[in-house]
Amino acid sequence: MTIPAVPLVDVAVPKGLIGGPFGSSLVNNDYEPSGVPVIRGTNLGFGRRLGGDYAFVSEEKVASDLARNTAAPGDIVFTQRGTLGQVALVPDDTYPVFIVSQSQMRLRVDPAKAVSEYVYYACSSEAFIKQIDDNAISTGVPHINLGILNRLTIPLPPLPEQRAIAEVLGALDDKIAANTKLITRLDAHMALEYTAAVAEGALDSPLAAVAEFHNRRRVPLSAREREQRAGDIPYYGASGVFGTVNEAIFDEPLVLVGEDGSVINADGTPVVQYIWGPAWINNHAHVLTGKDISTELLYLAITRCQVATLVTGAVQPKINMGNLKRLVLELPLAGDRGRLEAIVRAETASKRAALEENVTLAATRDALLPQLMSGKLRVRDAEAVLEKAGV
């Protein structure tokens, strides 16, 4: 089955593709503690839905200057400049109306021509993002404009097929969202249990007394070396994964603490990661496991600490090993620690299982998306894949 491709403007309501306000119409001084939320670049990049913290403007400001820059539930928002290729659906369970910022664009779909959820998935496909990359204006900050967005194309099957495709892909995203909520609840509960245990009685302990350092096992690789070692093993740095390689030098639960570059968060806590499974780690992150406490409890303890006094380096922030070893952790007394350890181990195992399932679900969605969009895979065959995956 050949599916025709149409430009985005053909699925929009009249004047359904709009950009953000002119610069002078929305400035930082317009932001309020509450009111009508503004969709900025920081609110995209969370998958299908908008996320993160919103800035707000007053309803009076919207009425006087921003009425044409609104977005409503079901609309689709695109990044216009900066991190191109980001796209999200405006949710229907948060606010009745939003404002699109200067660096975003909004598409309102004509329901007689297309299904919003289907259009979102079409616009998040690799084929569509390649169109963005191929047409982006590279002078200054990379960007596109309404004229470019208007003419970018998506495959457009009949409405019933669009709905079916959106339901299949949406089922996977719904399961990912449910797992993500579970992970958030588990994190919150572990933090609450830790706080309660410390309140019963705490012991101040230097990090060196309860952590083993494995920094000597780290091996930095240049970008060229990573290209020569192409594979699927994550390559970790100070604040996350920076590519993949073909071999692991670690394969165990670990705590990574940023050593240089990204070492401290805005609230003064250290940049910390809890990882497990095969991994390659470079020399921008300290590598720790627990000593006399679990690695999971070590991670919780470190995330609570303030490290501003440990950071050195005027240009490149750094926490060297000597300073990090002196970091003082607040740990529950031994009598209360056993119960907390049991909770943390069990809930971390549940969190890991949910995270691993999300990786599988996302990979399944990303594999199905181009097949469904091109007509190479029929919806009923995709539904069989979902049933096998337990979705």
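Author: Let's start with the term itself: a nonpolar core is a set of buried Ala, Val, Leu, Ile, Met, Phe, Trp, Tyr and Cys residues joined through side-chain atoms within 4.5 Å. Keep in mind that this is a predicted model. The largest such core here has 46 residues, and L8 and V119 have the most contacts inside it. Helix α5, residues 159-200, supplies the largest share of this core, with 7 residues.

Now zoom in on L8. Leaving aside residues up to four places away in sequence, L8 touches F78, L107, V119, C123, F128, L149, N150, L152 and I154. Two of those partners, V119 and C123, are also among the buried residues of helix α2. That helix runs over residues 116-123, and because 7 of its 8 residues are buried, the rest of the structure largely encloses it. Besides V119 and C123, the buried set in α2 takes in S116, Y118, Y120, Y121 and A122.

There's also a second, separate core of 29 residues, which includes Y194, A211, A301 and L331. T289 is found in strand β19, residues 285-290, and is buried, with a relative accessible area of 10%, because buried means under 20%.

How values were computed:
Residues numbered from 1 in each chain as written. Predicted model: local features only at pLDDT ≥ 70, side-chain atom pairs only at ≥ 80, totals over all residues. Heavy atoms only, no water. Buried < 20%, exposed > 50% of the residue type's maximum accessible area, 1.4 Å probe, protein only. Helix = DSSP H or I, 4+ residues; strand = E, 2+ residues; numbered from the N terminus. Contact = heavy atoms within 4.5 Å.
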